[in-house]
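Take a moment with the sequence and the model below. Then read on, one piece at a time.

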Amino acid sequence: MPTPSLPAPSLPAVAEALDQTLSPECRVPGSKLYTLAKLDAVKAALKQKRPVRVLSIGSSSAGLGASSSYPVKLETALETALPNVQFEVESRALPGEVASGAGERLRTIVAEVEPDLVVWQVGTNDALARVDLDTFSEALDESVKWVMSHDIDIVLIDPVFTASLAEDDYYTRMVRAVQEVARREAVPLVHRYAAMRYLSTRSSDEAHMLGRHFRLNDLGLRCMAEHATRAITLSLLQSDPAATGTAGGRAATSESRDPGKPQTGAPTGN
Amino acid sequence: MREPNAIDFWRGVALVTIFINHIPGNFFERYTFSQYGISDAAELFVFLAGWSIGLATRGRDGKPEPRLTTVLRLLSRTVEVYRAQITIMALALAMIAGCALYLDNPLILEWHNAGGFFADPIQTMVGIVVLTHQLGFFNILPLYVVLIAIAPIVVLLGRVSRPLLLAGSFSLYGASLVFEWNFPSWPGEGDWFFNPLCWQLLLVLGFVSNEVSRESSRLRAWARRLIPLGCALVILGAVLAVLELRPDPMLAPEPRLVFTFDKTYLSPGRLIHFCGMVLAFQAVYGLIAPHVGPLARFLSGLGRNSLAVFSMGSLLSLAAQFVRFQTGGGIIVDVSVVGFGLFALGFTAWFVEWRSRKPRAPRTPPDGGVASAASPRA
């Protein structure tokens, strides 16, 4: 069962306060960080007191000079957040675009790994290929449905924020498409875009040899494991009361806000 | 230089298809044959590689060349392919990094598995050299390196006993499917995108098909008789592809990979469909070649220089992806990048042949005087 170490999620009251459980450089208000939803398969694994198998899909990079890769960080962060639980994180790169066949590959990987939870960082390859967004949404939705149909939980992570694409309409719509699918299928979503956008507004004395955008990217990658972990642990805690009560409370958001807008607070990325 | 022929022609078709399919999202993608079947151009490419190994290891009179010559020839080819892979990987990574810097856009660093290199160059550099770190779309040549490296075994064993060769190849294929054997990726987790333990079968089938069709007119006649079966398989494949009907890997019985349409392991479904394609299209070149002279010459030219064309194609399709990304794509951009790419592929083929003609000409004995007229001086 989920665990003692986390403070109860105090949702609405401190909506805009920074999430203090995160490392200082990764702190973002909860509303910009996640949308929560039920994670039944992970819960089942916890109940059976067996290790939780996590499949991490997407880029596995960790930022320049990071001491460990994202999957390792994810495992560490999950085990720190839930100290009584053992997590086994497998990671796979997913070549190709969701809009043209990567979903097929995902199925093969999922069948091979047989995880309890898939953490899918989605959209980068599709954005780079500028695939048709409707095709993308449809294919993503289908893949998410497929994973869920096999009683496997899934958490989506939307694409990175980078200032050079802040004004790119296509890219923003791509981020929105991921949010839309997460909402429709009631799966937890890590708002990587909004979180990084928020982080980009905060000044920092940390420099990066390749410039500001690369520093942010680095930071975003370093924080992603923590951010994903937060969304997962809170989703586990949050759906607890709802599990016995109404099932209608799926996809409760950490704060009621328009999912169509990737971000509400900071005006621009600069 | 070889005249246009069916093998080079189809290899050219495979190269053009791979080039177009490696620019995901582009307009022409939906018009390549890969969209209308279970197998795709990769199968064709590997099968034809096996076929040409059969041709290359025999003299003009059809007699097998000496064993040592075969081993050295294939070893030298392995070195060439390996060198090509290392070169295009270096260029691709530099293109990705350069593009990210120029556009001030770190997203590009995450392009299809490149992020691993930029995050962890120390381990990944080793992985690139030992072929266990592969970028998306740059994963065919590592397979090819392994296949050409084992090709001497295929050829020499094939000369001793073809049934033995086939039995060995099928056994390895079957065992890899059942036990899910594959070459590992490193430093990233996972396995090779093209599993050499499975794909070797296609190379062997290509090799044996060439050998057999050369010797036995009865088998050739049988292959002709099976054209309708091939057509039926092609139609079935098209229907399944268009309706997106495929087995769910979670529901497939064990051994799972036997029943799914998995590209990595060249699942039987893909293999059968590909054999159907070979049967269905075996006579097509002979029928169309007289009517499409320039096209046949163009595609055969690409096919004759497949390694150079493939390498250039990989880099051009990467460049095309960046152009599409930065401009936002659209039909005009797609026509331009694909059109330019095809021209550049044709130029590559021509250039390679021009380069290899130049120095060789003086070395030909005087009776080759007409051929060497283009470069008369020593």
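Which residue of E6(A) is the bridge partner of Leu156(A)? The partner is Leu189(A). Before going further, note that this is a predicted model, in which local features need pLDDT of at least 70, side-chain atom pairs count only at pLDDT 80 or more, and totals for chains, interfaces and linings use all residues. Residues are numbered from 1 along each chain as its sequence is written, while chains are lettered from A and ligands numbered from 1 in the order in which they are written.

Back to the strands. Strand E5 (residues 153-157) and strand E6 (residues 189-190) of chain A run parallel and are joined by 2 bridges. Helices (H or I, at least four residues) and strands (E, at least two) are DSSP runs, numbered from the N terminus. Both strands belong to an open sheet of 6 strands in chain A, ordered E1-E6-E5-E4-E2-E3, with mixed pairing. Two strands pair if DSSP finds at least two bridges between them. Strand E1 (34-35) and E3 of chain A are the edges, each pairing on one side only.

Now look around Leu156(A). Setting aside neighbours within four places in sequence, its contacts (C-beta atoms, placed from the backbone, within 7 Å) include Trp120(A), Val178(A) and Leu189(A).

Leu156(A) is also among the residues with the most contacts inside the largest nonpolar core, which has 103 residues. Such a core is a set of buried Ala, Val, Leu, Ile, Met, Phe, Trp, Tyr and Cys residues joined through C-beta atoms within 7 Å. Buried means that 20 or more other C-beta atoms lie within 10 Å of a residue's own, with C-beta atoms placed from the backbone. Helix H8 (residues 212-244) of chain A gives the most to this core, with 11 residues. Another core, of 66 residues, lies apart from it and includes Val155(B) and Tyr173(B). In soluble globular proteins, nonpolar side chains tend to be buried together.

Where do the chains meet? The contact takes 37 residues from chain A and 34 residues from chain B. On the side of chain A that touches chain B, helix H3 (102-113) and H8 of chain A are among the elements that each supply at least two residues.

Turn to chain B. This chain has 15 helices and 0 strands. Of its 378 residues, 46% count as buried. Its helix H8 (residues 196-215) is largely enclosed by the rest of the structure, because 14 of the 20 residues of H8(B) are buried.

Note on methods
Buried ≥ 20, exposed ≤ 12 C-beta atoms within 10 Å, placed from the backbone. Contact = placed C-beta atoms within 7 Å.
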